[in-house]
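Biologist: Thanks for sitting down with me over this one. Could you bring up the model, and then we can go through it together?

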Amino acid sequence: MEHKKGSLKSTIAVSITNYLDAGAIVAGASGLTLWQNYLGLTEGNLGWLNAISANAFGAALGAIIGGFLADNYGRKKIYTYNMLVYMLGVAIIMFTVNFPMLLLGFLITGISVGAGVPASWTYISENSEVSNRGRNMGISQFAWGVGPTIILLLGMLLAPGKDDASAGVLFGFVKNMAGIFIGENASVEAVNVFSSRLIFGSLFIVAFIAWNLQRKLNESKDWEAAKKLQDTKKQPSVFASFGTLFTKKVNIRTMLFLAGIYVTWNMVASVMGFFQQHIYETAGGLSNEEANMVSAIQWLIIIAVTYFGFSMFVDKVNQRWLYFIGTTIGIVAWGILIFIGIKNYIALWAFTILWGVHAGISVQAFYALWASELFPAKYRAAAQGIMFFVVRAIAAIWGFGFVFIYGENGEGFHTAANVMIGLLIVALIIGTIWTPKTQGKTLEQITEERYGDDI
């Protein structure tokens with residue numbers, strides 16, 4: 001099936017979903033210490049927030065639901081109306097006054113993030129030209145980087161400090177808004193956490209804009225063709241035929257490959273996404289503003305490398321070597337923190353730069369591309385939903401494990417960093433050896449080569 005040119009416009013509109021997805025993770029992370037102080041949360045409470053958030057189980061649950069729905073009712077319908085669920089979750093966080101309320105907001109937002117991922121990634125892949133499929137998936141990952149960057153910059157500008165001199169330049173605005181909504185006599189912790197409420201408010205506004213843009217797009221032609229074929233030939237429903245995902249050897253091999261690279265890498269990335277500022281503040285001794293600043297600079301590097309290093313070259317160069325180089329850089333980054341130490345500013349900045357380069361050519365970018373290529377259109381989104389469920393569910397469990405290893409004040413950081421390197425090495429080996437040969441082929445060609453008529 002040939003695709004019309006002009007996929008870039010729809011890619012950008014749908015990629016706002018990635019902005020919001022990653023933005024939700026980092027918005028929670030950037031204000032984690034503030035919420036901890038305001039609500040008196042323990043490390044165990046933080047582990048629960050991570051476990052049910054957009055970073056872990058909440059997204060896992062949403063992905064398995066959203067993947068099936070996207071194959072049954074269309075990509076567009078799911079990622080569009082899913083924005084309303086996202087807005088609900090963010091609104092609950094904005095008005096949180098206790099831990100259960102915060103937990104509920106994180107859960108709903110997480111479910112929405114998970115539901116949007118398979119629908120949006122599948123839509124982008126199916127509406128791309130052969131020569132631009134990798135580029136367009138790279139743009140979606142670019143948006144994944146822009147979200148955290150803007151959120152972290154806002155976090156830095158709005159951040160409270162140990163005193164007025166160390167606070168963000170816009171913290172005065174935070175105090176004025178807090179005075180209007182919660183009164184002049186509010187506690188210091190209540191005023192400080194208002195900066196996080198404002199950040200989530202910005203996500204609410206962007207989600208509303210995304211909802212209006214995305215509902216004007218056309219449905220995926222690949223999905224319409226697969227649905228029409230299913231109806232005319234009276235083939236089993238997606239739910240019924242999805243059982244073949246676990247019986248066909250080609251599917252099992254594909255799932256093992258994708259899980260091998262994405263589970264291991266995401267166990268590292270989930271820690272970076274949710275605990276990075278907390279680690280910088282506890283093990284590294286940085287202030288909340290400094291932690292947000294370093295993370296924001298890292299995300300600036302990520303979005304630059306995603307566009308100029310991944311998006312511009314992934315369709316043109318050997319994908320095996322690009323994957324190998326990008327993942328190796330991530331291993332080197334963690335090695336620096338182990339051998340020099342996180343309290344050393346040179347090591348911290350070297351890590352910031354190198355991890356930014358690695359994340360720009362990340363395993364997730366390759367996973368998003370390959371997962372959208374390797375399954376038939378009939379259950380393409382559902383398969384991704386299953387994979388995303390597994391990845392984020394493991395990340396949820398790992399969140400508790402990481403907190404236990406890391407300790408209350410980062411005394412276990414060295415051990416945790418060694419675990420990170422081990423996980424990245426596994427992702428490096430699996431992805432480099434079994435890189436799929438899909439480059440330059442249409443989705444229909446890939447499906448025919450892998451399945452023949454047996455789909």
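**Contacts, cavities and rings**

Modeller: Happy to, and let's begin with a contact: the side chains of Gln276 and Gln298 are joined by a polar contact of 2.9 Å. Please keep in mind that this is a predicted model.

Biologist: Is Gln276 buried or exposed?

Modeller: Gln276 is found in helix H12. Its relative accessible area is 3%. Since buried means under 20%, Gln276 counts as buried.

Biologist: What is the volume of the largest cavity?

Modeller: The largest cavity is lined by 26 residues, and those closest to its centre are Trp144, Trp265, Ala269, Trp299 and Gln364. The space that lies in this cavity is about 340 Å³.

Biologist: Which helix provides the largest share of that lining?

Modeller: Helices that each supply at least two residues to the lining of the largest cavity include H1 (7-30), H7 (133-158), H12 (249-282), H13 (288-311), H15 (345-360) and H16 (363-373). The largest share is seven residues, and the helix that gives them is H12.

Biologist: How many charged residues are in the lining of the largest cavity?

Modeller: Sorted by class, this lining has 13 nonpolar residues and twelve polar ones. Asp, Glu, Lys and Arg count as charged. In the lining of the largest cavity, the number of charged residues is one.

Biologist: And the second largest cavity: which helix gives the most to its lining?

Modeller: The second largest cavity has a volume of about 70 Å³. Eleven residues line it, with Ala24, Ile25, Ser53, Ala54 and Phe106 nearest its centre. H1 and helix H6 (99-126) each supply at least two residues of this lining. The most, three residues, comes from H1.

Biologist: How many nonpolar residues does the lining of the second largest cavity have?

Modeller: Here the lining has four polar residues and no charged ones. The nonpolar residues in the lining of the second largest cavity number seven.

Biologist: I'd like to look at the rings next. What kind of aromatic pair do Phe310 and Phe366 form?

Modeller: The count of aromatic pairs comes to 24. In the pair of Phe310 and Phe366, the rings are 5.1 Å apart centre to centre, with 90 degrees between the planes. Planes over 60 degrees apart count as edge-to-face, so the pair of Phe310 and Phe366 is edge-to-face.

Biologist: How many residues apart are Phe310 and Phe366?

Modeller: Both Phe310 and Phe366 are buried. Phe310 is in helix H13 and Phe366 in helix H16, and their pair links distant parts of the chain.

Biologist: Which residues do ring pairs link into a cluster?

Modeller: One of them, Trp265, is also among the residues closest to the centre of the largest cavity. The cluster linked by ring pairs is made up of Trp121, Tyr262, Trp265, Tyr367 and Phe388.

Biologist: Which residue lies over the face of Trp211?

Modeller: A charge can sit over a ring if CZ of Arg is within 6 Å of the ring centre. For Trp211, the distance from the ring centre is 4.4 Å, and the residue over its face is Arg215.

Biologist: Which backbone oxygen does the side chain of Ser195 reach?

Modeller: Ser195 lies in helix H9 (residues 188-214). At 3% relative accessibility, Ser195 counts as buried. At 2.8 Å, its side chain reaches the backbone oxygen of Asn192.

Biologist: How far apart in space are Ser362 and Leu428?

Modeller: Ser362 has its place in the loop between H15 and H16, and at 4% relative accessibility Ser362 counts as buried. In sequence, Ser362 and Leu428 are 66 residues apart. In space, C-alpha to C-alpha, the distance between Ser362 and Leu428 is 11 Å.

Biologist: One last residue. Is Phe400 buried, partly exposed or exposed?

Modeller: Phe400 has its place in helix H17 (residues 380-406). Buried means under 20% relative accessible area and exposed over 50%. At 35% relative accessibility, Phe400 counts as partly exposed.

Methods:
Residues are numbered from 1 along each chain as its sequence is written. This is a predicted model: local features need pLDDT of at least 70, side-chain atom pairs count only at pLDDT 80 or more; totals for chains, interfaces and linings use all residues. Side-chain values use heavy atoms; hydrogens and water are left out. On a 1 Å grid over the protein atoms alone, a cavity is a set of points where a 1.4 Å probe fits but cannot get out, and a pocket is an open set with protein on both sides within 12 Å along at least five of seven lines; lining residues have an atom within 4 Å of a point. Grid points are joined across faces, edges and corners, and a volume is the space filled by probe spheres set on the points. Helices (H or I, at least four residues) and strands (E, at least two) are DSSP runs, numbered from the N terminus. Rings of Phe, Tyr and Trp (its six-membered ring) pair if their centres lie within 6.5 Å; planes under 30 degrees apart count as stacked, over 60 as edge-to-face and the rest as tilted. Buried means under 20% relative accessible area, exposed over 50%, partly exposed in between (1.4 Å probe, protein chains only). A charge sits over a ring if NZ of Lys or CZ of Arg is within 6 Å of the ring centre and within 35 degrees of the ring normal. A polar contact is a pair of N or O atoms within 3.5 Å; within protein, one must be able to donate a hydrogen and the other to accept it, and residues adjacent in sequence count only if both atoms are side-chain atoms.
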